[in-house]
Every structure is written in structure tokens, then in C-alpha cells.
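Here are my notes on this model. Please read them with the structure open.

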Amino acid sequence: MRHIHHSHCCHCCHCCPCLVSTMGTTSFLTRARALLRIRNQLVRECLAELLSTFVLIIITLGCSAQKIAFFETKGNIVTSYVGSAVAVMVGIYTAGGISGAHMNPAFSLAMCLTGQFPWWKFPIFVVVQTFASFISAGAVYILYYDAIWYYSNGTLTVSGPRETASIFATYPADNISVANGFLDQVIGTGVLLVGVMGLMDARNKPVPKGLEPVVVALLVLSIECSMGANCGCPLNPARDFGPRLFTYLAGWGSEVFSRGNAWWWVPLVAPLLGAALGTFLYQLCVAFHYPEEDSEVLAEQGSIVLVNTSIDADAGISPKEKDTGENAPAEYPPPPCASSTVPTAPVTTLKES
């Protein structure tokens with residue numbers, strides 16, 4: 001009977017090559033996971049943030065590059081706005097459950113201000129987001145290499161009828177002053193954060209679970225359509241500076257920093273100020289006026305309210321893992337409500353054009 005059973009199994013395997021292939025693939029993935037799995041929470045969050053930001057920026061810049069791919073003097077604005085909004089949605093779905101999918105230093109700052117994200121992680125996430133934007137710009141440059149050089153007649157320029165630098169970074173319209181552009185970014189990012197705060201506030205009118213990325217994408221799309229004319233609506237320091245730095249190194253030269261009366265610093269500073277103002281505006285007009293509740297209840301509800309709660313800088317990383325680098329025990333990381341990144345409410349961010 002054992003011999004017959006063995007023959008039957010062999011016969012089935014020969015008749016079902018797909019089954020053999022699936023078993024082989026599963027076995028390979030299992031071995032790969034055992035070899036490559038990272039248990040350190042901070043590293044996992046950084047990898048997820050890197051991937052989500054990369055997805056966001058490569059789609060956004062790819063939409064901008066359509067203008068040269070189709071040899072147009074200006075890209076299709078509707079296509080660009082819709083594409084970048086969908087990119088926000090995809091980025092949030094990619095890493096929202098791991099890192100919160102901030103993808104934007106302005107949003108990370110807002111989370112720090114509301115106590116949802118530890119300050120010591122803020123510079124780390126900013127570096128990761130900027131690096132992801134930089135390599136995304138490189139990927140778009142490679143993808144559209146022939147089109148860029150053909151469109152620009154062999155010269156990489158920052159201004160003029162055949163300029164291609166605006167594929168990667170934002171620049172103000174010719175009639176926009178630095179002061180007006182600065183105000184534009186403060187207001188745009190402030191509106192973005194007010195909207196996101198309302199969407200995330202469990203005590204207000206939260207979005208049905210799982211649909212947060214879709215609604216945030218619609219919010220971004222509405223802001224881009226209404227406020228994108230002045231300077232392209234970056235709303236995201238990493239999205240602008242990473243690709244701008246790439247263009248400087250890739251051959252566009254120092255004009256990427258001097259064009260528009262040295263415009264480059266505006267998309268770095270203004271969105272951060274706008275995020276802070278939007279965050280406090282939501283607290284002042286909405287969140288501060290909820291009935292008094294215990295801070296632990298607020299954390300469980302995921303309400304975006306400024307409360308006096310301390311955040312352990314090493315939350316989510318076991319002392320043994322931190323000191324020795326060994327694998328964390330089964331009880332780590334802690335439950336979502338104790339996470340050093342976000343409360344139980346899904347953290348979604350957005351971004352920018």
C-alpha cells in the first residue's frame with residue numbers, strides 16, 4: 001500500500017507541473033523570509049517608509065514627465081494631478097500599517113506635535129523620505145532618458161521653452177514672488193493637515209476603516225486642483241528637495257537652486273510651517289473642545305488631540321534587541337495602542353503634487 005501511495009503521488013506531480021512550481025516557489029519564499037526577515041522595528045519602519053515614498057514620488061514625477069514624452073510644452077495638468085493623488089493612495093496602502101506611510105516631513109512634524117510620533121524618529125524619517133525621493137528622481141530620469149535628451153535638444157536646462165528641470169522639482173510661475181509662493185505653500189499644507197486631522201479623528205467623523213487612503217487621495221487632488229497654479233503645489237519638502245538635488249548632480253547645474261530668486265528653500269520651510277499651523281488650528285477649533293476624557297481612552301480611540309502623554313523613545317524595540325541586536329521575543333513589538341509610531345487609528349499622510 002505504501003508503494004502504491006508513493007506512485008500515485010509521483011503521478012500527480014507529473015500531471016500537475018503548476019503544483020510543483022507553486023510548491024517550489026513557496027519553499028523559496030519561506031527560505032528567503034527566514035534569511036532576510038528584519039525584527040528591529042525601526043529598521044522595518046524605515047524600509048516601509050522608503051518603499052512607500054519611492055512609489056509616491058516615482059508616480060508623481062512620471063506624470064510630470066509626460067509633457068516631454070508627448071513633446072508638449074506643458075504636461076496634461078489633470079493627468080498629473082490625478083496621477084499624484086492616486087500615488088498618495090498607493091503609498092499609504094503600501095506602508096500605512098508599518099510606518100504610517102508619512103511620505104512627507106510635514107506630516108511627520110504634525111504627528112510629533114500631536115504626540116503620535118516620537119521626536120527622535122523625526123530626523124530619521126526625513127532622511128529616509130528625502131533619500132527615497134532622490135532615488136525616485138533617478139529612476140524617472142532613467143525611464144525617460146531618451147525623451148528628456150530629445151526634448152531638450154541635448155542640453156539640460158532649468159529655464160526656457162525646452163527646460164526639463166520642472167519634471168523633477170517645483171518652480172514658481174514667472175509672475176509669482178517668493179513671498180506669494182511662500183504663503184501659497186503655508187496655506188496649502190495647512191489645509192492639507194486640517195483635512196487629514198479631521199479624517200483621522202475618531203471622535204469627529206472618521207473615514208470607514210480601510211478607505212482612509214482613498215479619501216486622503218481625494219483631499220490631495222482637491223488641493224492640487226485649487227492651489228496648484230502658483231508653484232506646482234509641492235506641499236512636501238522631501239518630494240521637492242530630493243529630486244532637486246538629483247537634478248543638480250545629474251547635469252542641470254546650480255541654476256536649480258537659483259531660479260525663481262533662489263526659490264529652492266521655500267518648499268523646504270513653508271510646508272513645515274503650514275503643517276504646524278494646520279495642526280494647531282484643528283486643535284484650537286475642534287479637538288480642544290471635546291469633553292474631558294482620560295488620555296488612555298483618547299489613545300485607544302486614535303483621536304488626534306494634544307494630550308500630556310510621554311512616549312518612550314524605545315517603544316516597540318525590546319531592550320535585548322536594542323543592546324545586543326538579537327531577535328526580539330514573541331511579545332514584541334507591543335500592541336498597536338502602545339506603538340511609538342501611531343495610535344490604533346490608521347495613520348495616513350499625504351502629500352503633494
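**Notes on the helices**

1. Val78 lies in helix H5, residues 77-95. This is a predicted model. Val78 has a relative accessible area of 57%, over the 50% cut-off, so it counts as exposed. Together with Val82, Val86 and Val90, Val78 makes a nonpolar surface patch of about 280 Å².

2. Helix H6, residues 105-113, is mostly covered. Of its 9 residues, 8 are buried. They are Pro105, Ala106, Phe107, Ser108, Leu109, Ala110, Met111 and Cys112. The cover includes helix H7 (122-143), helix H9 (178-200), H11 and helix H13 (266-285).

3. Both ends of H6 deserve a look. Asn104 caps the N-terminal end, with a side-chain oxygen 2.9 Å from the backbone nitrogen of Ala106. After H6 comes Gly115, which has a positive phi, near 75 degrees.

4. Next, helix H3, residues 41-64. Its 24 residues, at 1.5 Å each, should span 34 Å. The end C-alpha atoms of H3 are 35 Å apart, which agrees. At the start of H3, Asn40 places a side-chain oxygen within 3.0 Å of the backbone nitrogen of Leu42.

5. Is Arg239 buried or exposed? Its relative accessible area is 2%, under the 20% cut-off, so Arg239 is buried. Arg239 sits in helix H11, residues 237-252. H11 is also among the elements that cover the buried residues of H6. What does the side chain of Arg239 meet? One of its polar atoms lies 2.9 Å from the backbone oxygen of Phe168.

Methods: Residues numbered from 1 in each chain as written. Predicted model: local features only at pLDDT ≥ 70, side-chain atom pairs only at ≥ 80, totals over all residues. Heavy atoms only, no water. Helix = DSSP H or I, 4+ residues; strand = E, 2+ residues; numbered from the N terminus. Buried < 20%, exposed > 50% of the residue type's maximum accessible area, 1.4 Å probe, protein only. Polar contact = N/O pair within 3.5 Å; in protein donor to acceptor, adjacent residues only side chain to side chain. Patch = residues over 30% accessible without salt bridge, like charges linked within 9 Å, V, L, I, M, F, W, Y side chains within 5 Å. Areas by Shrake-Rupley, 256 points an atom, 1.4 Å probe, with all protein chains shown as cover. Salt bridge = Lys/Arg side-chain N within 4 Å of Asp/Glu carboxyl O. Expected span 1.5 Å × (residues − 1). Contact = heavy atoms within 4.5 Å.
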